[in-house]
Amino acid sequence: MKRKLYFIPLLLCLLQFPAFSQDNPSDSSKHAWKKMIFSRYAGAGPSKRPYLTWGGDGPLLSFSDKVRDAGKHVHNIPRFTFFFNVGHNLNYDFNRHFGIFTGLNLKNIGLITEDDRDSVKLKRRVYTLGIPVGFKIGDLRRGSFFFFAGGSYDLAFNYKEKKFIHGDKKDKFNEWFSDRTPLLMPSLFAGLRMSPGFGLKVQYYPENFFNKEYKEVLPGGTATPYKDLEAKLFFVTLSYDFGRLPDHKQWKEMHKRHKKHREKRS
């Protein structure tokens with residue numbers, strides 16, 4: 001069962017690959033790199049039908065505004081991560097200026113604490129699978145500039161902790177559906193997006209990152225390592241995108257191009 005669970009992040013990451021495909025077969029190869037970095041915005045269609053976009057968070061910097069242990073301040077360091085922050089969105093635009101969206105997003109969030117007195121550094125993170133519900137206001141036809149905001153409910157399915165002493169790794173473990181953090185993590189987010197794909201999003205988790213009631217079984221009895229810890233997470237990401245997913249016609253055209261390329265090589 002555990003081995004199968006390890007495939008969850010990989011499968012969700014693979015869902016992101018269509019975003020790197022070319023949208024127009026007439027585009028020259030010299031512009032391909034731009035499409036990989038700045039995805040083409042899906043845009044509001046005149047049919048007013050729901051449409052799918054790839055998205056999720058990009059490079060992500062997570063931290064806590066303050067971490068306290070029994071009321072005492074604990075130094076924390078912003079934590080940067082790129083993998084795996086992926087997802088898809090289901091959009092509905094009422095008109096060219098206002099729309100709503102939901103989806104399914106995978107995120108890698110956490111924090112790093114450091115005790116200078118004992119030279120102990122702890123890195124803690126969780127993978128979460130979240131369902132956002134939000135709205136968009138602005139230019140939804142071309143995506144030149146719009147604002148978005150909403151809330152999300154995340155399921156924390158994998159917890160990982162690393163311990164360093166004087167810079168040397170001393171301990172590491174991870175747990176599936178761990179009780180060390182809350183299983184469900186609500187949050188609020190807001191951000192903006194502008195052409196040709198630049199974006200910024202801030203997300204805040206108002207509840208404690210740690211489960212204070214968690215009990216750890218030790219040889220000499222039980223311990224509650226997080227009972228005095230308090231940390232509320234923020235994270236900032238460079239982009240929460242709404243890039244276009246290839247439709248059936250585009251997939252067919254890409255297949256023809258690849259087939260011709262193979263025939264030429266053979």
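Ile100 is found in strand β6. Helices (H or I, at least four residues) and strands (E, at least two) are DSSP runs, numbered from the N terminus.

Some housekeeping before I go on. This is a predicted model, where local features need pLDDT of at least 70 and side-chain atom pairs count only at pLDDT 80 or more, while totals for chains, interfaces and linings use all residues. Residues are numbered from 1 along each chain as its sequence is written, and side-chain values use heavy atoms, with hydrogens and water left out.

So what's pLDDT? That's the predictor's confidence in each residue, from 0 to 100. The mean for the protein chain is 81, and 79% of its residues reach 70 or more. Residues 1-7 fall below 50, and beyond near neighbours in sequence that stretch has 5 contacts in the model. Residues 9-37 are below 50 too, with 34 contacts beyond near neighbours in sequence. A contact here is heavy atoms within 4.5 Å.

Overall, the protein chain has 4 helices and 15 strands. Of its 266 residues, 41% are buried.

Back to Ile100. Together with Phe94, Phe98, Phe135, Ile137 and Phe147, Ile100 forms a nonpolar patch on the surface, with about 480 Å² of accessible area together. Areas come from the Shrake-Rupley method with a 1.4 Å probe, and for residues only the protein chains shown count as cover. Patches are built from residues with over 30% relative accessible area and no salt bridge, joining nonpolar side chains (Val, Leu, Ile, Met, Phe, Trp, Tyr) within 5 Å and like charges within 9 Å.

Now, inside. In soluble globular proteins, nonpolar side chains tend to be buried together. A nonpolar core is a set of buried Ala, Val, Leu, Ile, Met, Phe, Trp, Tyr and Cys residues joined through side-chain atoms within 4.5 Å. The largest one here has 18 residues, and Ile109, Leu111, Met185, Phe209 and Phe210 have the most contacts inside it. Strands β2 (60-69), β6, β8 (145-165) and β14 (229-237) each supply at least two of its residues. Which strand gives the most to this core? That's β14, with 4 residues. Apart from that core lies another, of 9 residues, including Phe148 and Tyr240.

Last topic: salt bridges. That's a side-chain nitrogen of Lys or Arg within 4 Å of a carboxyl oxygen of Asp or Glu, and the structure holds 8 of them. Asp93 pairs with Lys136, with the closest N and O atoms 3.4 Å apart. Asp93 sits in strand β5 (residues 86-93) and Lys136 in strand β7, 43 residues apart. Are these two buried or exposed? Asp93 is buried at 4% relative accessible area, and Lys136 is buried at 0%.

Asp154 and Lys107 make another bridge, at 3.0 Å between the closest N and O atoms. Asp154 is in strand β8 and Lys107 in strand β6, so the pair ties together parts 47 residues apart in sequence. Both Asp154 and Lys107 are buried.

Note on methods:
Buried means under 20% relative accessible area, exposed over 50%, partly exposed in between (1.4 Å probe, protein chains only).
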